[in-house]
Amino acid sequence: MTAPQDSSLGKPVVYADQHDPSLLFAIPRSENRAAIGIGAELPFIGVDVWNAYELSWLDGRGRPRTALAEFRVPANSPNLIESKSFKLYLNSYMQTRIADTETLRNQLVHELSAAAGAPVSAVLTLASSAHGAKIEQLVGELIDDMPIEINYYGPPNPALLDCDPERIVDETLVSHLLKSNCPVTGQPDWASVQISYRGARIDRDGLLRYLVSYRQHSDFHETCVERIFMDLLRECAPAKLAVYARYTRRGGLDINPFRASPGLPFPGNPRSARQ
């Protein structure tokens, strides 16, 4: 079973403390994509950047080790990995002995790739390392403080988007007001979003109202970003477009989907103060 309702989301669970890859719950991307008009041939490239802050295991001597982990799941993978199952899977390493960090990394890559159906990358940074994740701001023009009236909060409405074909620009816009809900539990998901594009100038008022229209919408992080990408592509027809959302963490994990026109570079991993 692969429907979200069949996962551990919103259900009491017993936390395993011995390695158990069967905890990973894969959800096919195709159904959610079909609902927003995306077929087998994807109109974008992309990646889901996951950060894990609660990864711990035992080394060969039985001593606890902890690390920050960055995972990258390609957007062309047939499956996304449900986040609570991801958390339970990582927690299952808690009392598991692993010879060394590279052995652990290879095992994570193997098992996460099998769940996603495509190669997943992993970078582990020991908590004792001096090279911790620094706090950064998303680069771009902030649109959140415009003096406009907003009284519509969902469902997402692409008709709110507008652009000026007489003004061709190459710019990046940022908002910290993206909020949606988990489609299973109803819990709020909070994010900052960065939109980079070249094309007809997007109306700031309309874009902000459009992003706020996700406020009562229920969907996975990845699907929200793909919907934003597709709505901007259809309504404004930019020559190039990239949408990157940085979601706040839940259960020691944050998920940061990136979707872009083919040929654009993939993003870094700029951890914000909210994360």
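This is a predicted model: local features need pLDDT of at least 70, side-chain atom pairs count only at pLDDT 80 or more; totals for chains, interfaces and linings use all residues.
Two strands count as paired here if DSSP finds at least two bridges between them. Eight strands make up an open sheet, running in the order β5-β3-β2-β10-β9-β8-β7-β6, and their pairing is mixed. At the edges sit β5 (121-126) and β6 (141-142), each of which pairs on one side only.

Strand β6 pairs with β7 (residues 163-181) in the parallel sense, over two bridges. In this pairing, Glu141 has Leu173 of β7 as its bridge partner. Helix α4 (residues 204-212) packs on the sheet here, where α4 touches β6, β7 and β8 (188-202). The direction of α4 makes about 25 degrees with that of β7.

Now for the nonpolar side chains. In soluble globular proteins, such side chains tend to be buried together. The largest nonpolar core in this model has 33 residues, and the members that touch the most others are Leu178, Ile195, Leu207, Ile228, Leu232 and Val243. At least two residues of this core come from each of β7, β8, α4, α5 (221-236) and β9 (240-247). The biggest contribution is that of α5, with seven residues.

Leaving aside residues up to four places away in sequence, Leu207 touches Ile143, Leu161, Leu173, Ile195, Ile202 and Leu232. One of these, Leu173, is also the bridge partner of Glu141.

Finally, look beyond this core: apart from it lies another one, of 25 residues, including Leu24, Ala52, Phe71 and Ile81.

Technical notes: Residues are numbered from 1 along each chain as its sequence is written. Side-chain values use heavy atoms; hydrogens and water are left out. Helices (H or I, at least four residues) and strands (E, at least two) are DSSP runs, numbered from the N terminus. Contact means heavy atoms within 4.5 Å. Axes are lines fitted to C-alpha atoms, for helices over the stretch in contact, and angles run from 0 to 180 degrees between N-to-C directions. A nonpolar core is a set of buried Ala, Val, Leu, Ile, Met, Phe, Trp, Tyr and Cys residues joined through side-chain atoms within 4.5 Å. Buried means under 20% relative accessible area, exposed over 50%, partly exposed in between (1.4 Å probe, protein chains only).
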